[in-house]
Amino acid sequence: MLGPRDWPAPCTWCGGRLVHSQACRELRDGWAIRFGFGKHKGQRVDRVPREYLEWLWSSGSITNADLKAAIAKILGVPDSPRHDMAA
Ligand SMILES: [Zn+2]
C-alpha cells in the first residue's frame with residue numbers, strides 16, 4: 001500500500017525505483033572508472049578512500065582524462081586544466 005510519495009525517485013538508468021534491472025547494474029558497473037595503476041589498481045574510483053584520491057589529485061600525476069574527470073567529480077573540485085598534458 002505504498003503511494004507515489006513513498007517511493008524513491010526513479011533510476012535515471014533503467015527507470016526502476018527499488019529494484020534495478022540486471023542490465024542497469026551491468027551498465028553502471030561498465031561505466032565505473034577503474035584504476036589501471038597504483039595500490040588500488042583494478043578498483044573502482046568511487047570505492048577507494050577519499051584521502052587517496054585527494055593525494056593523487058594533488059600530486060598532479062593523473063594523465064587519463066576520464067579518470068581525472070571522475071576524481072574531480074568525486075572530490076567536488078573543478079577539472080583543472082593545470083593538470084592537463086600540454087601536447
Ligand atoms: Zn536502475
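## Overall fold

The model is predicted, and the secondary structure of its chain comes to three helices and zero strands. Read along the sequence, these elements follow the pattern α-α-α.

Of the 87 residues in the chain, 7% count as buried. Among the contacts in the chain with a separation of 6 or more, 12% are accounted for by residues 24 or more positions apart.

## Packing of α2 and α3

Helix α2, which covers residues 50-59, packs with helix α3, which covers residues 65-75, at an angle of about 125°, and their axes are 10 Å apart. Because of that angle, α2 is oblique to α3. The crossing in which α2 passes α3 is left-handed.

On the α2 side, the residues that take part are Leu53, Glu54, Leu56 and Trp57, and in α3 they meet Ile71, Ile74 and Leu75.

## The nonpolar core

The largest nonpolar core has six residues in all, namely Phe35, Val45, Leu53, Leu56, Ala70 and Ile71. The elements that give two or more residues to this core are α2 and α3. In soluble globular proteins, nonpolar side chains tend to be buried together.

Three of the core residues, Leu53, Leu56 and Ile71, are also named in the contact of α2 with α3. Ala70, another member of the core, touches Ile33 and Val45 when residues up to four places away in sequence are not counted.

## Val48, between α1 and α2

Val48 lies in the loop between α1 and α2. This residue counts as partly exposed, because it has 18 C-beta neighbours inside 10 Å, whereas a buried residue would need 20 or more.

Leaving aside residues up to four places away in sequence, Val48 touches His40, Gln43 and Leu53, and Leu53 is itself one of the residues of the largest nonpolar core. Val48 and Arg34 are 14 residues apart in sequence, while their C-alpha atoms are 9.8 Å apart in space.

## Arg25 in α1

Arg25 lies in helix α1, which covers residues 22-31. Arg25 is exposed, because 12 other C-beta atoms lie within 10 Å and a residue counts as exposed at 12 or fewer.

Notes
Residues numbered from 1 in each chain as written. Predicted model: local features only at pLDDT ≥ 70, side-chain atom pairs only at ≥ 80, totals over all residues. Axes fitted to C-alpha atoms, helices over the stretch in contact; angles between N-to-C directions. Helix = DSSP H or I, 4+ residues; strand = E, 2+ residues; numbered from the N terminus. Parallel < 35°, antiparallel > 145°, perpendicular 65-115°, else oblique. Left-handed = near helix turned anticlockwise from the far one by under 90°. Contact = placed C-beta atoms within 7 Å. Core = buried A, V, L, I, M, F, W, Y, C linked by C-beta atoms within 7 Å.
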